[in-house]
Structures are given as structure tokens and as C-alpha cells.
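Visitor: I have a model open and would like to talk it through. Can we start with the side chains and then move on to the strands?

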Amino acid sequence: YIRSDFLTLTRYASGTSSNDVIDYARQFLGTRYVYGGASPSGFDCSGFTMYVYNQFGVSLPHTATGQWQSGLGTRVYDIWSLQPGDLVFFCEPGRNNGKACSHAGLYAGNGQIIHSSSSRSGGVIMSDLTSGYYNTYFVGGIHL
């Protein structure tokens with residue numbers, strides 16, 4: 001947990017759209033995965049979402065669970081209600097005893113997410129939210 005007086009809660013800079021967020025995030029496709037990374041030289045999952053949103057004046061914590069529990073935006077629990085630019089969160093029950101989010105990314109639209117993955121094909125990649133790991137372990141999203 002983090003004390004609320006250590007957080008800066010802001011909104012998008014005026015004139016920014018969710019498509020601007022996704023367009024900005026796409027430029028990092030192929031950037032390598034680095035545990036704890038939060039810069040274009042390497043990202044972990046929450047470092048990627050934190051970095052992207054910081055460019056639009058939104059301050060996020062550097063953990064998937066911290067972002068999910070931040071109190072920002074509106075929570076979305078149905079995959080089909082997500083909008084481009086929404087944060088998305090996943091929890092694999094075998095990790096963190098099912099009590100914390102194990103992964104974060106950005107919904108890019110059309111059932112796709114952009115995220116920094118530690119998998120073999122890792123780094124910043126696009127993945128299908130509607131099948132496999134991401135569909136199975138989807139916790140919810142946050143619309144900012």
C-alpha cells in the first residue's frame with residue numbers, strides 16, 4: 001500500500017484522446033522486457049503502462065496491483081465494454097496467491113492489448129485479449 005499523500009492524481013492533458021494514448025504506446029512495440037524497467041530502454045508490464053500514461057499527465061504507481069487499486073477512473077469488468085486506452089489487469093491464481101494482479105497492459109481495441117511481456121517473445125507486443133492466458137486471467141480494466 002502507498003499513502004494517498006504520495007500520489008498525484010491527474011487526468012489527461014486537455015485535447016488528448018484514448019487513440020492518442022494507443023498511438024503513442026505503439027511506438028514502443030519491440031522494446032525489450034526489463035524487470036523493474038520503466039523507460040524506452042526496457043519496460044516491465046506496469047512500467048510500460050506507467051510510462052505511457054505519464055506522458056499524458058496521468059501518474060500511476062509502478063505495480064500492476066497498485067494501478068488496479070489506485071482508485072483512478074472507472075472500473076470495467078466485461079472485456080466487451082473496454083475502450084481503446086483502458087488499462088487492463090490480469091491475475092494468475094498460482095502467482096501472488098491470487099491476491100494481487102500479476103500483469104497489466106493497455107487495451108488497443110478490436111480485442112487486442114499492447115503490453116510488455118516477460119514471455120519468450122517478450123518485450124512490448126500486441127496480444128489477443130479474447131483467448132488463452134489473457135482471457136482466462138482477466139480481472140478487469142480501468143477507463144481513465
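Visitor: Which charged end sits over the ring of Trp 68?

Guide: The charged end of Arg 75 does, 3.9 Å from the ring centre. A charge counts as over a ring if NZ of Lys or CZ of Arg is within 6 Å of the ring centre and within 35 degrees of the ring normal. This is a predicted model: local features need pLDDT of at least 70, side-chain atom pairs count only at pLDDT 80 or more, and totals for chains, interfaces and linings use all residues. Residues are numbered from 1 along each chain as its sequence is written, and side-chain values use heavy atoms, with hydrogens and water left out.

Visitor: Is Trp 68 buried or exposed?

Guide: Trp 68 counts as buried because its relative accessibility is 9%. Buried means under 20% relative accessible area, exposed over 50%, and partly exposed in between, with a 1.4 Å probe and protein chains only.

Visitor: How many aromatic pairs are there?

Guide: The structure holds 14 aromatic pairs. Rings of Phe, Tyr and Trp (its six-membered ring) pair if their centres lie within 6.5 Å; planes under 30 degrees apart count as stacked, over 60 as edge-to-face and the rest as tilted. One of the pairs is Trp 68 with Tyr 77: the centres are 6.0 Å apart and the planes stand at 90 degrees, so this pair is edge-to-face. Tyr 77 is exposed because its relative accessible area is 54%.

Visitor: And what about Trp 68 and Phe 89?

Guide: Their ring centres are 5.3 Å apart and the planes are at 55 degrees, so that pair is tilted. The pair links distant parts of the chain, 21 residues apart, with Trp 68 in helix H3 (residues 64–68) and Phe 89 in strand E4 (residues 87–90). Helices (H or I, at least four residues) and strands (E, at least two) are DSSP runs, numbered from the N terminus. Phe 89 has 0% relative accessibility and therefore counts as buried.

Visitor: Which residues cover the two faces of E4?

Guide: Leu 87 and Phe 89 are on one side, Val 88 and Phe 90 on the other, and all are buried.

Visitor: What does E4 pair with?

Guide: E4 pairs with E5 in the antiparallel sense over four bridges, and Phe 89 stands opposite Ala 104 in E5. Four bridges also join E4 to strand E8 (residues 138–143), again antiparallel. There, Phe 90 has Phe 138 of E8 as its bridge partner. Two strands pair if DSSP finds at least two bridges between them.

Visitor: What is the order of the strands in the sheet?

Guide: Six strands form an open sheet in the order E3-E8-E4-E5-E6-E7, with antiparallel pairing. The edge strands, E3 (74–76) and E7 (123–128), each pair on one side only.

Visitor: Which helix packs on the sheet and touches E5, E6 and E7?

Guide: Helix H1 (residues 18–26) does, and its direction makes about 115 degrees with that of E5. Helix H2 (residues 45–54) lies across E4, E5, E6 and E7 and runs at about 50 degrees to E5. Axes are lines fitted to C-alpha atoms, for helices over the stretch in contact, and angles run from 0 to 180 degrees between N-to-C directions. Contact means heavy atoms within 4.5 Å.

Visitor: What lies in the loop between E5 and E6?

Guide: Asn 110 has its place there. Its phi is near 55 degrees, a positive value in a residue other than glycine. Most residues other than glycine have a negative phi. Asn 110 is exposed because its relative accessible area is 81%.

Visitor: Pick a residue in E6, then. Where does Ser 116 lie, and what is it in contact with?

Guide: Ser 116 lies in strand E6 and is buried because its relative accessible area is 1%. Leaving aside neighbours within four places in sequence, its contacts include Tyr 33, Phe 43, Cys 45 and Val 124. The C-alpha atoms of Ser 116 and Tyr 33 are separated by 6.1 Å, with the two residues 83 apart along the chain.

Visitor: Cysteines next. How many disulfides does a search find?

Guide: A search of the whole structure finds zero disulfides, a disulfide being a pair of cysteine sulfur atoms within 2.5 Å. For Cys 45, the nearest cysteine sulfur is that of Cys 101, 9.3 Å away. Cys 45 counts as buried because its relative accessibility is 11%. For Cys 91, the nearest cysteine sulfur is also that of Cys 101, 6.1 Å away.
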